[in-house]
Amino acid sequence: MNKVSNEQINQIMENAVITCNTLHEKVTIVTAKLYNDFVIVEASGAVDKENYSEEIGKEICLERIRNKVWELEGYHLACKLSD
């Protein structure tokens, strides 16, 4: 196959081990350990802890991680196609 599919990215994300932590009462740290043990880390935070939501922070981080997986899978495919 010469393209990265949404199904492929969904499968990678579904098989990832996701951890989420809050630091300093206003920062969300999310890690995604992929099937090959590669780990992607993202952070999101609020300026004021009164406005902080771990749920929103996790959503933001997971979207960023998903975008990185797209980029990495695209790079991997480009390498395979250039051989």
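## Loop residues with positive phi

Asp37 lies in the loop between strand 2 and strand 3 (39-45). Helices (H or I, at least four residues) and strands (E, at least two) are DSSP runs, numbered from the N terminus. This is a predicted model, in which local features need pLDDT of at least 70, side-chain atom pairs count only at pLDDT 80 or more, and totals for chains, interfaces and linings use all residues. Residues are numbered from 1 along each chain as its sequence is written, and side-chain values use heavy atoms, with hydrogens and water left out.

Asp37 is not a glycine, yet its phi is positive, at about 75°. Asp37 is exposed, with a relative accessible area of 52%. Here buried means under 20% relative accessible area, exposed over 50%, and partly exposed in between (1.4 Å probe, protein chains only). Glu25 also has a positive phi, near 65°, and is a residue other than glycine. Its loop runs between strand 1 (17-23) and strand 2 (27-33). Glu25 is exposed, at a relative accessible area of 52%. Most residues other than glycine have a negative phi.

## Helix 2

Helix 2 has 28 residues. From first C-alpha to last it reaches 40 Å, close to the 40 Å expected at 1.5 Å a residue. The expected span is 1.5 Å times one less than the number of residues.

The buried residues of helix 2 are Gly57, Cys61, Ile65, Arg66, Val69, Glu73 and Leu77. Their cover includes helix 1, strand 2 and strand 3.

## Nonpolar core

The largest nonpolar core has 13 residues. Such a core is a set of buried Ala, Val, Leu, Ile, Met, Phe, Trp, Tyr and Cys residues joined through side-chain atoms within 4.5 Å. Ile9, Met13, Ala32, Leu34, Ile40, Ile65 and Val69 touch the most other members. Helix 1 (6-15), strand 2 and helix 2 each supply at least two residues of this core. Helix 2 gives the most, with four residues.

Ile9 is in contact (heavy atoms within 4.5 Å) with Val4, Arg66, Val69, Trp70 and Glu73, leaving aside neighbours within four places in sequence.

## Largest pocket

The largest pocket has a volume of about 170 Å³. On a 1 Å grid over the protein atoms alone, a pocket is an open set of points where a 1.4 Å probe fits, with protein on both sides within 12 Å along at least five of seven lines. Grid points are joined across faces, edges and corners, and the volume is the space filled by probe spheres set on the points.

Ile12, Leu34, Tyr35, Asn36, Phe38, Val69, Leu72, Glu73 and His76 line the pocket, each with an atom within 4 Å of a point. Helix 2 (residues 54-81) gives the most to this lining, with four residues. The lining divides into six nonpolar, two polar and one charged. Ala, Val, Leu, Ile, Met, Phe, Trp, Tyr, Cys and Pro count as nonpolar, Asp, Glu, Lys and Arg as charged, and the others, Gly among them, as polar.

Asn6 is in helix 1. Asn6 is partly exposed, with a relative accessible area of 38%. Asn6 and Trp70 are 64 residues apart in sequence and 8.7 Å apart in space, C-alpha to C-alpha. Beyond four places in sequence, Asn6 is in contact with Arg66 and Trp70.

Asn21 is in strand 1. Asn21 counts as partly exposed, at 43% relative accessibility. Asn21 and Glu54 are 33 residues apart in sequence and 8.1 Å apart in space, C-alpha to C-alpha. Not counting residues up to four places away, Asn21 touches Val27, Thr28, Ile29 and Glu54.
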